[in-house]
Amino acid sequence: MTTLQTVFAKAKADNRAALVGYLPAGFPSKGGDVAAAAALVEAGCDVIEIGLPYSDPLMDGPTIQDAVHRSLVNGTRIADVLRTVEGVAATGAATLVMTYWNPIDKYGAERFARDLADAGGVGTITPDLTPEESEPWRAASASAGIDTVFLVAPSSTEQRIKAVVDCCTGFVYAASLMGVTGARESVNVAAEGLVERTRAHTDLPVCVGLGVGTGAQAAEVAAYADGVIVGSAFIRRILDASDEAEGRASIATLARDMASGVRR
Amino acid sequence: MAGNGPLGDDPDVHGKFGIFGGRFVPEALIPALDEVAAVYEKAKNDPEFLREFDHLLRTYAGRPTTLTDVPRFSEQAGGARIVLKREDLTHTGAHKINNVLGQALLTKRLGKKRVIAETGAGQHGVATATAAALLGLECVIYMGAVDCERQALNVARMKLLGATVVPVTNGSQTLKDAINEAFRDWVTNVDSTHYLFGTIAGPHPFPEIVRDFARIIGVEARRQIQELTGGLPDAVCAAVGGGSNAIGIFHAFLGDEGVQLHGYEAAGRGLESGEHALTLTAGSIGVLHGSRTYVLQDDEGQTIESHSISAGLDYPGVGPEHAWLKDSGRATYHGVTDDAAMAAFSLLARTEGIIPAIESSHALAGALELGRELGPEATILVNLSGRGDKDMGTAMKYFNL
């Protein structure tokens, strides 16, 4: 199994940033999700985040909301998410689950951590779990041997950044801007400063997400971050494609562009 | 403004009422929540702020609101004496005005010039638009597209008051989705914007702030009922959606052990139908909109859409303090169906000449039943949280008027 530690060590040895791709489980369809993620891995993504579809995604913009809604309407359940993780992990990519807290809370923290590890998942990203509320999840994750990734934001004070990074293993997710998910015309200038501020508190890799949509932007972010996270730009291409095969081809093209971007 | 009873006092430093409350939000919002909490902490101990708030309540909102005996209505309650706390008589016609005036003053202290709010029935939206107009703040209201349709009058009022109303077309297109959209706006514009939260749900410190601004209802009512009857009531009744009007009247009575507290949720078309908003009665503990509380959710934590004939009660979550009061046993929560609420709505109109909000009608229906249980010697105080003008479209359809 590929771990986050091996991914980032290898990327560092290659003197480049890692490329992290996000897709929700059950999107564009059950089964089609693994094929889409595999296309991203084939095109150069090092890490895949599988989104656990949730009814009330507070931090997501319209593109991810649309994809997640379709997935839920198609009946995606946690068992499907775990099957997706298993399929994606089999491609050799380090595979994480990105999820809001309530589905884990309801499923049971220890049970979720164990089942995710059994499926080959290497950790989670939990965008609405704060350090103050994270202890049960960190304990369950440590016991199952999976990583925990939390977010820092441009608004975070030094004290908050320290509190967040102290809860992270694997890497730290730096939200590039104050806003929701979605590709944008430019990556916020706050991102670089946030990465610098975060590095002052940790030796963990720092990855930048929110708003990255092109190879040029990936290159720009890769110049100062350890990883570049892309989600909405891939999803937009799948939504715009006439069928799943075209969608896969389209995201593979974009992922190749991004993979080349993180190597510039 | 701190609490005055053994239960329901201020939450702990993490905003917890027992296991309920807290903060489950993106990290980007934490500094803003910290800032709101710090500014509020200072404001609530600042005589100048309290004087300004009190001045607005008296000269603008129309406080104190009166108590009204409703003897003809009470005849249907087995002779128990029902007394109404008349929040319908406030400016804009509902208890919501108390909280928005407080938070609008807070917005100025935060140095922000824009407020956003979510609204279900429209009352909080109208109240927010009103306070924004009064204090010269830019105002954007998020409202589910379904609610925009059933509360068209309130949409027009908000627009007239200068607010921008954004219909939300995601999910169930009701209050829950309007809250999601408002959070997204806040994450994006937090530097310039205060999220003027409308109920006692949401992340800390909103449940505490909204409660403190609403608790004037109970403070007045407790004094007034003693003047009227010479003692405390046997029970206090209020409708519960998010729970702000209920906590507003309950809070002053929490320390009065002899006073029963009854909250009434919307049972919609009945528990068995699955079309209801029985969060405390039939929900389970989870996290929604930044807070741990009771939630209508499936076995995997996906929120289940709620239903009520009242847009104001159509919410699958509830304030964490109510969750705490329920589990501690200090308050009891019941369901009232659409039909029972509409029967009470009609009865109060015909017997007393008061057209209540459909939200409040749930509490009225509950009080009728409670009166029959407690007997003719009992006095029951009901929070009439708002007036029914906004609900005339619903009433016209329901009664074929």
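Modeller: Happy to! A salt bridge here is a side-chain nitrogen of Lys or Arg within 4 Å of a carboxyl oxygen of Asp or Glu. Please keep in mind that this is a predicted model.

Let's start with one pair in chain B. Arg269(B) and Glu275(B) form a salt bridge, and their closest N and O atoms are 2.4 Å apart, so the pair falls within the 4 Å limit. Over all chains, a search of the whole structure finds 43 salt bridges.

Some of these pairs cross from one chain to another. Lys16(B) forms a salt bridge with Glu133(A), with 3.3 Å between the closest N and O atoms. Why does this pair join two chains? Lys16(B) lies in strand β1 (residues 16-17) of chain B, and Glu133(A) sits in the loop between β4 (123-125) and α7 (135-144) of chain A, so the bridge joins two chains. Both Lys16(B) and Glu133(A) are buried. Another pair is Arg77(A) with Glu300(B), whose closest N and O atoms are 3.4 Å apart. Across the interface of chain B and chain A, the rule finds 6 salt bridges.

Now for the setting of those pairs: 33 residues of chain B are in contact with 36 residues of chain A. The area buried between the two chains is about 2900 Å², with carbon and sulfur atoms giving 49% of it. Glu27(B), Arg184(B) and Glu300(B) supply 25% of the area that chain B buries against chain A, more than any other three residues.

In chain A, Asp226(A) and Arg199(A) meet in a salt bridge at 3.1 Å, N to O. Asp226(A) is in the loop between α10 (215-222) and β9 (227-230), and Arg199(A) is in helix α9 (residues 190-199), so this pair ties together parts that are 27 residues apart in sequence. Asp226(A), at 25% relative accessibility, counts as partly exposed, and Arg199(A), at 37%, also counts as partly exposed.

Finally, here is a charged residue without such a partner. Lys96(B), in helix α4 (residues 96-110) of chain B, is buried yet has no salt bridge. The nearest side chain of opposite charge, Glu118(B), is 6.4 Å away.

Notes
Residues numbered from 1 in each chain as written. Chains lettered and ligands numbered in written order. Predicted model: local features only at pLDDT ≥ 70, side-chain atom pairs only at ≥ 80, totals over all residues. Heavy atoms only, no water. Helix = DSSP H or I, 4+ residues; strand = E, 2+ residues; numbered from the N terminus. Buried < 20%, exposed > 50% of the residue type's maximum accessible area, 1.4 Å probe, protein only. Lys, Arg positive; Asp, Glu negative; His and termini not counted. Contact = heavy atoms within 4.5 Å. Buried area = accessible area lost by both parts, 1.4 Å probe.
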